[in-house]
Amino acid sequence: MLGTSGSGKSSLVRAGLLPALDTGYLAGAGARWAVATLRPGEQPFARLAEALIQETDWDQDDAADLEQHLRSGSLALNWRLGLSPLPADTRLLILVDQFEELFRYGAGTAPDTTPTAAPDTAAFIALLLGAATHPAVYVVITLRSEFLGDCSPYPDLPEAINRGLFLVSSLSQEQMADAIQLPAGLPQFGGEVDPGLVRRLLAEARGQGDQLPLLQHALMRLWDRAREAAPAGPPAPLLAADLDAIGGLAKCLDRHADEAFAECEPDPQRRHIAETLCRALTEVGAGGRVIRRPVTLGEVAALTGEDWPAVAAVAECFRQPGRSFLMPPAGTELKPGTLLDITHEALIRQWQKLRAWTLDEAEQAELYLRLESAAVRHRAGLSAFLVDPDLQIALKWREEQGPTKTWAGRYGGDFDLAMGFLEASREKRDRGAVHSEQQRLERTRELFDSRLTHAALLARVEDYAQARVVLHQTVALDPDVPEHRRHTRNLLAGFVDIMGASADKVYEGAGAQLSGGVAVSPDGCWLAAAGERATLVLFDAQTGELVRRLEGHDPKASSFGGVRSVVFDPDGRWLYSGGDDRRIIRWSGPAGTKLAEWEAPGQVCALALSPDGKVLTSGGTDDVVTLWSTETGKKLGTLKDHTGAIASPKGLAFSPDGKRLASASYDKTARIWGLETNKRLRTLKWHDCLQAIAYDPAGKLVATAGNDRRIVLWDADSGRQLRQLVGHTNIVFGLAFDSTGNRLLSASRDSTMRLWDVATGIGLRVYQGHSTGICAVAGHGQTLYTAANDQTASIIIPASGVRSQGFQP
């Protein structure tokens with residue numbers, strides 16, 4: 001079970017898969033199951049041994065002995081089942097929940113490095129893979145998708161995951177409504193959820209991160225309030241008005257965590273322990289992502305300087321019934337060696353205090369590590385003592401934060417060396433030593449690096465405005481800063497200015513300018529790109545490998561002999577291409593075999609397929625739009641009204657219901673046609689040549705773009721102009737709405753793509769990567785594909801902060 005944090009993986013297994021198995025859902029396996037459920041934690045073998053003893057008749061075994069036996073080899077469990085078989089017709093299901101704990105607790109992976117296999121983790125994974133070969137044993141794991149890459153170092157694990165992968169998808173509005181209201185109505189609960197509350201929760205959840213954890217937490221809080229209001233009788237109905245009392249959906253978890261912390265606030269000692277505990281349980285990992293960091297109770301006690309029972313008492317504030325913020329769960333005895341962990345990372349993202357502490361802790365660690373690095377350089381004779389202002393910053397940090405050797409041990413380095421270096425720097429300053437010119441330059445450069453680091457941290461948390469301020473402060477230091485450091489600053493400034501990203505992958509090998517567009521197969525596996533000299537190439541969308549060239553168009557037709565447009569049919573069976581040679585060719589999907597060919601009235605500039613794949617339209621230099629049957633290749637009709645060529649490659653677009661067709665032309669107009677009568681319904685007049693047109697998913701909006709660098713949104717029914725999107729600096733060739741119709745992507749000859757908010761016309765992000773103009777853009781889910789005049793295609797995966805619900809092809 002693969003999915004993002006908070007996507008409902010564990011719930012799907014426990015509330016869906018396991019009950020289904022008990023009813024005989026898995027044909028041939030029967031309905032008698034022993035389910036050994038565990039979270040691997042820091043001792044996966046021990047956890048598995050405990051789960052097996054609990055779910056089998058091996059209860060006479062000692063857990064430690066069984067653990068030792070399981071460590072004896074990858075087939076140890078198979079051997080044990082041979083000695084102590086399961087009851088007749090019984091199957092064993094091993095459910096490893098939060099499988100990523102194997103990597104977080106025991107893997108040898110350092111930040112920003114390639115994952116490596118940890119011995120104990122490797123042995124446990126080998127045991128699971130071996131057990132899965134037993135005919136009576138099944139293995140299910142739940143894994144967060146961002147840890148999928150950590151599976152690669154372990155032999156046979158990626159292959160096993162591929163064979164049984166199930167990607168947990170987001171719930172639809174209807175499914176989410178059922179999840180909100182149906183459990184309360186079960187006989188054992190006898191509750192009721194007011195429809196108004198359901199509607200409000202759905203509304204507040206829309207666009208909210210951590211939807212399922214927040215909904216679960218809010219409903220738990222509302223249920224507890226209902227039970228408290230009627231302790232003896234049936235619980236009171238869950239009402240929308242009660243949601244405000246817990247802070248609404250967005251703030252319910254934040255407010256609940258604040259309540260737990262408030263129990264510690266009156267006592268300064270307990271407050272200090274609580275904050276230190278929370279700081280110790282989180283960290284900023286690779287890529288600036290805030291993640292959990294399990295820690296023992298004894299380690300927290302050492303960090304606070306308090307006895308471990310005092311720390312345990314504070315931890316209890318966060319792990320009570322109805323308040324399970326920390327693991328292990330309430331009721332489990334805490335000891336110095338007990339490993340504490342945050343129950344769900346949604347707490348880190350939603351509790352503002354915790355997030356602020358974590359980011360502050362990262363800044364403190366960054367300062368300490370810079371100080372320790374300076375001390376090491378000084379010991380090696382490569383650096384001078386610290387001078388102001390860096391010295392004063394470090395001294396203030398030491399005075400206010402009071403760092404200890406125990407605290408510094410979390411981040412490594414030589415703490416005694418760093419503190420000795422800091423004190424020696426202070427003494428040297430206090431003696432009033434005269435600084436040489438070299439020291440002045442070093443101070444200036446260290447100040448420059450300090451501000452550059454500060455700006456990088458601000459950019460990492462997307463505080464671009466403040467990052468610009470900090471970067472601007474470094475300009476005055478330029479005369480004394482080496483060119484390579486100024487170049488680094490300028491690169492960071494460029495990143496901050498564009499707030500964007502480059503291509504995640506470049507598809508090379510086409511050998512010609514890809515001016516004829518790009519199309520992605522419905523399953524997202526294949527990418528077709530077209531261009532000059534009859535170029536039509538097919539790439540593997542995942543690897544970027546050029547799979548084959550499709551030869552059938554005439555490279556000598558017209559000046560460029562170009563393939564001008566390409567489109568997949570909705571089922572992915574066929575690929576259509578049209579070009580300057582007036583040919584329209586139907587190819588078999590990935591195989592690239594020519595299946596049919598017919599001749600258009602003129603050079604083909606654009607192609608579009610109806611949503612049902614039955615009608616292909618072409619438009620070209622004859623100023624006419626032609627309708628074709630995809631099955632027979634016969635002409636179904638023509639649409640004549642334009643006085644200029646149809647735009648290439650995206651000059652045609654069907655409405656979502658397939659009843660209308662929009663065409664864009666170099667005659668400075670776009671036209672909307674009714675396909676039931678093949679008559680023009682309305683004309684959208686513009687002052688310059690149009691290059692692209694697109695329908696939104698609802699069929700209510702039409703977007704056009706062209707030579708004047710503007711994108712225009714029109715009301716598809718009335719033809720009324722709604723707004724203009726301004727930002728590109730050259731001709732706009734490509735347009736694509738996302739599946740919600742809330743965002744629009746545009747591609748331009750200025751070598752950029754821009755993401756727009758349709759409702760406001762505001763530009764949200766700029767994507768760069770091509771060295772020349774972009775001719776077309778296509779989307780598949782969250783992935784964007786482009787084709788350009790630099791003979792390459794590229795793939796871009798938007799950053800999480802600007803992701804949409806998926807882009808239309």
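What follows is a chat about a predicted model of a protein.

Reader: What share of the residues is buried?

Author: Buried residues make up 50% of the 809 in the protein. As for the surface, the protein exposes about 35900 Å², and carbon and sulfur atoms supply 51% of that.

Reader: What about contacts between residues at least 6 apart in sequence: what percentage join residues at least 24 apart?

Author: That comes to 55% in this protein.

Reader: OK, cores. Which residues touch the most other members in the largest nonpolar one?

Author: Ile180, Phe318 and Trp351, out of 56 residues in that core. Helix α10, residues 211-229, gives the most to this core, with seven residues.

Reader: Which residues are in a second, separate core?

Author: There is one of 37 residues, and among them are Leu2, Ile94, Val96 and Leu128.

Reader: Where do Phe318 and Trp351 lie?

Author: Both are in loops: Phe318 between α15 (308-316) and β9 (319-320), Trp351 between α16 (346-350) and α17. The pair therefore ties together parts that are 33 residues apart in sequence.

Reader: Are those two buried or exposed?

Author: Phe318 is buried, and so is Trp351.

Reader: What about Trp397 and Trp407, how are their rings arranged?

Author: They form a tilted pair, 6.2 Å centre to centre, with 55 degrees between the planes. Trp397 is in helix α18 and Trp407 in helix α19 (residues 405-409), ten residues apart. Both tryptophans are buried.

Reader: Which residues do ring pairs link into a cluster?

Author: Trp397 and Trp407 again, together with Tyr368, Tyr411 and Phe415.

Reader: Which residues have a positive phi although they are not glycine?

Author: Ser558, at about 55 degrees, and Ser751, at about 75 degrees. Ser558 lies in the loop between β17 (546-549) and β18, and Ser751 in the loop between β35 (743-748) and β36 (752-757).

Reader: Is Ser751 buried or exposed?

Author: Ser751 is buried, with a relative accessible area of 16%, because the cut-off for buried is under 20%. Ser558, on the other hand, is partly exposed, with a relative accessible area of 36%.

Reader: Staying with serines, where is Ser565 found?

Author: In strand β18, residues 563-568. Ser565 is buried, with a relative accessible area of 2%. Leaving aside neighbours within four places in sequence, its contacts are Gly516, Tyr576, Ser577, Gly578, Cys605, Ala606, Leu607 and Pro649.

Reader: Last topic, sheets. What's the strand order in the open sheet of four?

Author: The order is β30-β31-β32-β33, with antiparallel pairing. The edge strands are β30 (690-695) and β33 (721-725), each pairing on one side only. On average, neighbouring strands in this sheet are turned by 20 degrees against each other, direction ignored.

Reader: How many bridges are there between β32 and β33?

Author: Four, in the antiparallel sense, with β32 covering residues 711-715.

Reader: And what stands opposite Val712?

Author: That would be Gln724, in β33.

Note on methods:
Residues numbered from 1 in each chain as written. Predicted model: local features only at pLDDT ≥ 70, side-chain atom pairs only at ≥ 80, totals over all residues. Heavy atoms only, no water. Core = buried A, V, L, I, M, F, W, Y, C linked by side-chain atoms within 4.5 Å. Buried < 20%, exposed > 50% of the residue type's maximum accessible area, 1.4 Å probe, protein only. Helix = DSSP H or I, 4+ residues; strand = E, 2+ residues; numbered from the N terminus. Contact = heavy atoms within 4.5 Å. Pairing = 2+ DSSP bridges. Axes fitted to C-alpha atoms, helices over the stretch in contact; angles between N-to-C directions. Areas by Shrake-Rupley, 256 points an atom, 1.4 Å probe, with all protein chains shown as cover. Phe/Tyr/Trp six-rings, centres within 6.5 Å; stacked < 30°, edge-to-face > 60°.
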